[in-house]
Amino acid sequence: MTTTTLSDETMLLDDTARLRAAAAFVREHDSASLLPLLLPGIEGADLRALAGHCHFAHAGMLVFPADEETLRARLADCGLTVHTPSHPSVVVRGRLARRHRRDPDELDVRILRPRVHGADGKPRAVEVFALSVPPHSGLERVAAHERAHGHEAHLAFEIDHPDPLVLRGLCAVLARHGARPDGGGYNPHEDGTVLYFTTPAAAACAYRRLELYAHGDHRDALAAHLEDTNRPDQPNDSNHPEGHPRPAAETTARPPAETLLHLLTGAWTTQALASFARLRLPDAMDTRTACGTEDLARLTGTHPRGLATLLRYLAMLGAVTREDLPGEGFRLTELGALLRTDAPASMRPLALMYGGPFYRSFGELDHSVRTGRAAFDHLFGENHFDHFARDPELADLFDRSMAASSRMFRPVPGHPALTAAARASAPATVVDVAGGNGELLRQILTAHPNLRGVLLERPHAVATARRLLDAAGCGARCDYRAGDFADVPAGGDVYVLARVLHDWDDDRCREILGHCARAMPDHADLLIVERLLPTDGSPSLATAWDLHMLCNVGGRERDADHYARLLADAGLHLHGHSPLPLDAHVLHVRKTPAPVTRRP
């Protein structure tokens, strides 16, 4: 049988060409023809063992679309199924973040597996990892490097009837023929265990990585595989950070009762982190050197034994790490440093909010489930907006907690609607409706010096936003309006609604969108930043926040179709949406054109 392989030159082609070549590769090969290309010299019993216990499942690759619409168009161009479900790829996102020293929240990576049928008629797939690279996002160099090196390109074989003996036996066969353990992981999104290998240098195929996939949780086999990956005699390519082992707690399967016990103690985790922040312990610690417990207790006015107990628990969470000193000592980790008061985009306000008023209201979650009404209102006797507005310190904490999630805004200034407005011959205006402390407007105006801004907010928030924008050097290009949604300024070129609609029920959302539609000129764009509920049931922060909104706000998260219906009711049209960090999306909206009336 004559077969073709992907050349190194093909791996450097644009995404569409690589997708087309990968699909053709998958259609042509089966296990019997492919294994000798990957493992030169394999034959006889070993070849029969591999081909008999697993089948060629897919070719994997990483592509770099500007947005989801572009990705779907490329799939269509290659004759691949457009409406393939997707879910987040935590493993690949983590590898990319480590490889390029990026914040994982900046990287939106999703997995799609459009089906392809082999020459034998059996279903296979092209596994597509899609890293969104919007224009001017700063991720272009990441894409160029990954295209050139193909770190994520691999061929996968799925084990037909996985059990521990089969897994270990197949790993042993691969090792005998020169395949080297190269990391792996357990993917809870699809309940599957993945073992990676690098193929021998003499392999007659451009794919240099091989994947064994076993449905289910096989963490004992995974732990042994990761141990082999990190043995001193195993080369550990720094370009493949998946070779780094998971923490022991993640590589050992737990009995259901133990798993449930860990879940039931989640409240302890929230309060441990909140206490860590309230006591300002991160401010007194360092990420480079450890501090003894006795010394740290004196610095922070805490009880030495109580402090040590808290820090040991936080070490299990990864917020601190325990180190041997003459006594017991602890060092702050990068995760724990996010709770420092002076950290950029500090998450300390979130810890205080989730461990404070929102923690108390979650204790009344039964009320929300029984009645559909916010437990916060039931507990405090008023909605959270009025409750916070009455307490300046609490209002300030709430605004700062919202700003702590501002990393989701980072790609927004690169949205085509904003870049087009910035290139307009006349100065264009961005109207940020309910813009909070002005963080998103600051990012937009900083990225585009030709734009002007208008911020609409409550009076106390306007004062905060004015200080922030003045400090950023944008104040001279910004006007401020204190008011409600009915006061949306008319005549803007781009309107922004960021994390607003999820606070409200559908009727109130229609009112808010109606105010925006009436204020928008026909040429204006509306950008809505919200989390979108997944339609395929995959885990998402949006699902968690949907529960939060029910309990504390009385609002809800929605999927894209739900938003499209609300927009249509207000005379607006959803043109598309693009992913943002923290499982958020930016929805691009324009006014629905008036129907053309033809004269008889």
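Helices and strands are taken here as DSSP runs, helices of at least four residues and strands of at least two, numbered from the N terminus. In these terms, Val488 of this predicted model is placed in the loop that runs between β15 (478-482) and β16 (494-498). With a relative accessibility of 12%, Val488 counts as buried. Between Val488 and Val454 there are 34 residues in sequence, and their C-alpha atoms are 9.8 Å apart in space.

The aromatic side chains were examined next. A pair of aromatic rings is described by the distance of the centres and the angle of the planes. By this description the structure holds 11 aromatic pairs. In one of them, formed by Tyr354 and Trp545, the ring centres are 6.4 Å apart and the planes stand at 75 degrees, so the arrangement is edge-to-face, given that angles over 60 degrees are assigned to that class. Because Tyr354 belongs to helix α17 (residues 348-354) and Trp545 to helix α27 (residues 541-553), this pair ties together parts that are 191 residues apart in sequence. Tyr354 itself is partly exposed, its relative accessible area being 29%.

Another of the pairs is made by Phe376 and Phe380, whose ring centres are 4.4 Å apart and whose planes are at 40 degrees, so that this pair is tilted. Both residues lie in helix α20 (residues 375-380), where, being 4 residues apart, they are separated by about one helical turn. Phe376 is buried, with a relative accessible area of 0%. The residues of both pairs belong to one aromatic cluster, which is formed by Tyr354, Phe358, Phe376, Phe380, Phe388, Phe398 and Trp545.

Charged side chains are also found over aromatic rings. Arg531 lies over the face of Trp545, a member of the cluster, at 4.3 Å from the ring centre. In a further case, Arg508 is placed over the face of Trp504, at 5.3 Å from the centre of that ring.

On the surface, a nonpolar patch is formed by Leu260, Leu263 and Leu264, which together have about 340 Å² of accessible area. Of these residues, Leu264 is located in helix α11 (residues 256-264) and is exposed, with a relative accessible area of 62%.

A disulfide is a covalent bond between the sulfur atoms of two cysteines. A search of the whole structure finds 0 disulfides. For Cys551, the closest cysteine sulfur is that of Cys509, at 19 Å, which is too far for a bond, since the two sulfur atoms of a disulfide have to lie within 2.5 Å. Cys551 is buried, with a relative accessible area of 0%, and Cys78 is likewise buried, with a value of 7%.

Finally, the backbone was inspected for positive phi angles. Most residues other than glycine have a negative phi. Arg280, although it is not a glycine, has a positive phi of about 55 degrees; Arg280 is found in the loop between α12 (266-278) and α13 (281-284) and is partly exposed, with a relative accessible area of 42%. A positive phi of about 55 degrees is also present at Ala434, which is not a glycine either. Ala434 is situated in the loop between β13 (429-433) and α24 (439-447), and at 23% relative accessibility Ala434 counts as partly exposed.

Technical notes. Residues are numbered from 1 along each chain as its sequence is written. This is a predicted model: local features need pLDDT of at least 70, side-chain atom pairs count only at pLDDT 80 or more; totals for chains, interfaces and linings use all residues. Side-chain values use heavy atoms; hydrogens and water are left out. Rings of Phe, Tyr and Trp (its six-membered ring) pair if their centres lie within 6.5 Å; planes under 30 degrees apart count as stacked, over 60 as edge-to-face and the rest as tilted. Buried means under 20% relative accessible area, exposed over 50%, partly exposed in between (1.4 Å probe, protein chains only). A charge sits over a ring if NZ of Lys or CZ of Arg is within 6 Å of the ring centre and within 35 degrees of the ring normal. Patches are made of residues with over 30% relative accessible area and no salt bridge: like charges are joined within 9 Å, nonpolar side chains (Val, Leu, Ile, Met, Phe, Trp, Tyr) within 5 Å. Accessible areas come from the Shrake-Rupley method with a 1.4 Å probe; for residues, only the protein chains shown count as cover. A salt bridge is a side-chain nitrogen of Lys or Arg within 4 Å of a carboxyl oxygen of Asp or Glu.
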